[in-house]
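Dear colleague,

I am passing on the structure below. My notes on what was found in it follow.

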Amino acid sequence: IRQQLKPDRKVAILGGSTNVVGIGFLQALLAQGMLADVDGIAVHPYRSVPEGLEFELDRLEASMEAAGQARPVWATEFSDDFKRPADAAPFLIKMIAIMSAVGVERAYWYALIDQQWYPAMGLFDAGRQTKPAAAAYIAAQTLLLRSGRAVRLSTDDPLVRLYRFGNGRYVMWGAPRSISLTAGTAWDSSGAPLSAISSIGDDPVILSPDAQWTLGSSVVLADTRYQYGTAPFAF
């Protein structure tokens, strides 16, 4: 159950502010009645691998429901300590797709400008020049989010991730394989048009609403990233 700001408030009051999605800590706050005093729950889902975040956010949602009533979740910081600035663009698009699909209310990239300790996280460098993260940020705003929330679509292969934003564009990534695009257009995670596309992999591609494609089979038999938390599980 989603709820707007309380009538007597002009600003949102958020609780939690955990670095990562700290379910145990948040459950302790929920048990103390935090939901009665806040408009939303703040989390900072820092991580190196976006895949799997949905399980944590679903568990947070279930914990709030069990405590009485779900509040909107705000990702008031998200990012990673990237080795290269270029790594930020695919990460940002993946995170936006996953968070949008599970109902995160708002999300804020960290950081605006590169810092001494985190030189590959900024939307801008110290000279105020845009970086790959900024290009992906603009792509998310203009190519994806304007069409509405993302929905994760089922595929015949658990090693492929596919999301659609409203009735608009798709985002796809997964274990490496060939792709034949028979209709539509494609963009990379920075929003740059792709003149041709013959394969997909861990870096997401954005596909136009009219896109039609055929995927080849992957040489990967199993992948702990893409199959984490899915059936069957045995040992």
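Arg 225 has a relative accessibility of 29% and so counts as partly exposed (partly exposed lies between buried, under 20% relative accessible area, and exposed, over 50%, with a 1.4 Å probe and protein chains only). Please keep in mind that this is a predicted model, in which local features need pLDDT of at least 70 and side-chain atom pairs count only at pLDDT 80 or more, while totals for chains, interfaces and linings use all residues. Residues are numbered from 1 along each chain as its sequence is written, and side-chain values use heavy atoms, with hydrogens and water left out.

Arg 225 forms a salt bridge with Asp 202, with 3.8 Å between the closest N and O atoms (a salt bridge is a side-chain nitrogen of Lys or Arg within 4 Å of a carboxyl oxygen of Asp or Glu). Asp 202 sits in the loop between strand 11 and strand 12 (205–207) and Arg 225 in the segment after strand 13, so the pair ties together parts that are 23 residues apart in sequence. Helices and strands here are DSSP runs numbered from the N terminus (helices H or I, at least four residues; strands E, at least two). Asp 202 is partly exposed, at a relative accessible area of 34%. Both residues belong to a network of salt bridges that links Glu 51, Lys 94, Asp 202 and Arg 225.

**Lys 94**

Lys 94 is part of helix 3 (residues 88–101) and counts as buried, at 5% relative accessibility. A polar atom of its side chain lies 2.8 Å from the backbone oxygen of Asp 202. Leaving aside neighbours within four places in sequence, Lys 94 is in contact with Pro 50, Glu 51, Trp 173, Asp 202, Pro 204, Arg 225 and Tyr 226 (contact means heavy atoms within 4.5 Å).

**Other salt bridges**

The search of the whole structure gave nine salt bridges. One of them joins Lys 131 and Asp 114, with the closest N and O atoms 2.5 Å apart. Lys 131 and Asp 114 both lie in the loop between strand 4 (106–109) and helix 4 (132–144), so the pair ties together parts that are 17 residues apart in sequence. Both residues are buried. Arg 47 and Glu 56 form a salt bridge too, at 2.7 Å between the closest N and O atoms. Arg 47 counts as buried at 13% relative accessibility, whereas Glu 56 is partly exposed at 26%.

**Helix 1 and the cores**

Which residues of helix 1 (residues 23–31) are buried? They are Ile 23, Leu 26 and Leu 30. These residues cover an arc of only 65° around the axis, which puts them on the same side of helix 1 (the arc is that of the directions from the helix axis to the C-beta atoms). Strand 1 (14–19), strand 2 (40–44) and helix 2 (53–67) are among the elements that cover them. On the face turned away from the buried side are the exposed residues Gly 24 and Ala 31. Gly 33, which follows helix 1, has a positive phi near 90°.

The largest nonpolar core has 51 residues, and those with the most contacts inside it are Ile 41, Leu 60, Met 64, Met 99 and Trp 109. A nonpolar core is a set of buried Ala, Val, Leu, Ile, Met, Phe, Trp, Tyr and Cys residues joined through side-chain atoms within 4.5 Å. Elements that each supply at least two residues of this core include helix 1, strand 2, helix 2 and strand 3 (73–78). Helix 3 gives the most, with ten residues. Beyond neighbours within four places in sequence, the contacts of Ile 41 include Leu 26, Leu 60, Met 64 and Trp 74. A second, separate core has eleven residues, including Val 160, Tyr 170, Ile 179 and Val 205.

Three strands form an open antiparallel sheet in the order 11-8-13. Strand 11 (199–200) and strand 13 (212–215) are at the edges with a single partner strand each, so one side of each has no neighbour in the sheet. Strand 8 (residues 177–183) pairs with strand 11 over two bridges (two strands pair if DSSP finds at least two bridges between them). Ser 178 has Ser 199 of strand 11 as its bridge partner.

Ser 189 lies in the loop between strand 9 (186–187) and strand 10 (193–194) and counts as buried, at 7% relative accessibility. Its contacts beyond four places in sequence include Ala 89, Ile 93, Ala 136 and Pro 204.

Regards

Terms used:
Polar contact = N/O pair within 3.5 Å; in protein donor to acceptor, adjacent residues only side chain to side chain.
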